[in-house]
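Please consult the sequence and the coordinates shown here.

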Amino acid sequence: MSWSGREIQRYFIAACLIKALVLPTVGEKFSHRATLMTLDNFDRTLLELLQKDCQTPLRELAERVNLSTASVQRRIQKLKSGGFIQANVAVLDPDRLGQVITLLVEVQADKTHAADLTLLKAQFSGPEIQQCYYVTGEADFMLVLLVPSMSRFQALCDTLFHNNPNVKWFKTTVVLDRVKTTLEVI
């Protein structure tokens, strides 16, 4: 089968479009990686185990996925360099550390130009703010805050919301019980 010049041109354009659509999304997330790393069942199982306990010994991980310790170590390193593993962290108990009140705060911005939103994102990144999400809907941001007392929350309200010219309104919900908190993805 021979291809006409027009068919070759269409194929080339289609290939370039596919490359343009796929690689930027990979490049945005993994700017240091030019290729997409595919995950097999071993990688997915390792990620699932590591997100539950990142200090599981290599020997134990190897037994659970039926691979050698060296192979597991190489795979974990590839997952780290590929950006699938962002950090190894300790999950702390907020109650034991005196952060006994968890609050959910919806915030609507007055101005939503890019520069204004960038400034709000920076302001909503303080130590008491455990999580901050830029969201769709009536509110522009959803915040999860951990504080030791309501008086500390009142001080934060003054700083972050009442005295902030770009906060149109905010609504607070006090958490009665942490039923499930996790950062697990798979």
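## Lining of the largest pocket

In this predicted model, at least two residues of the lining of the largest pocket come from each of α2 (41-52), β1 (101-109), β2 (129-134) and β3 (141-147). The most is given by α2, which contributes five residues.

The largest pocket holds about 1700 Å³ of space. Its lining consists of 43 residues, and the closest to the pocket centre are Val-89, Val-91, Thr-182, Leu-183 and Glu-184. Sorted by class, the lining comprises 24 nonpolar, 11 polar and eight charged residues.

## Packing of α2 with α4

Two packed helices are described by the angle between their axes and the distance between those axes. The axes of α2 and α4 (residues 69-81) come within 11 Å and cross at roughly 80°. Angles of 65 to 115 degrees count as roughly perpendicular, and α2 and α4 are therefore roughly perpendicular to each other.

On the α2 side, the contact is made by Phe-42, Asp-43, Leu-46, Leu-47 and Leu-50, and α4 supplies Val-72, Arg-75, Ile-76 and Leu-79. The residues of this contact divide into seven nonpolar and two charged, with no polar residue.

Phe-153 lies in helix α6 (residues 150-162). Its relative accessible area is 6%; because buried means under 20%, Phe-153 is classed as buried.

Apart from its neighbours within four places in sequence, Phe-153 is in contact with Leu-103, Val-105, Leu-145, Val-147 and Thr-172. The C-alpha atoms of Phe-153 and Ile-101 are separated by 9.0 Å, and the two residues are 52 residues apart along the chain.

Key: Residues numbered from 1 in each chain as written. Predicted model: local features only at pLDDT ≥ 70, side-chain atom pairs only at ≥ 80, totals over all residues. Heavy atoms only, no water. 1 Å grid on protein atoms, 1.4 Å probe; cavity = no way out; pocket = protein on both sides within 12 Å on 5 of 7 lines; lining within 4 Å. Points joined across faces, edges and corners; volume = space filled by probe spheres on them. Helix = DSSP H or I, 4+ residues; strand = E, 2+ residues; numbered from the N terminus. Nonpolar A, V, L, I, M, F, W, Y, C, P; charged D, E, K, R; others polar. Axes fitted to C-alpha atoms, helices over the stretch in contact; angles between N-to-C directions. Parallel < 35°, antiparallel > 145°, perpendicular 65-115°, else oblique. Contact = heavy atoms within 4.5 Å. Buried < 20%, exposed > 50% of the residue type's maximum accessible area, 1.4 Å probe, protein only.
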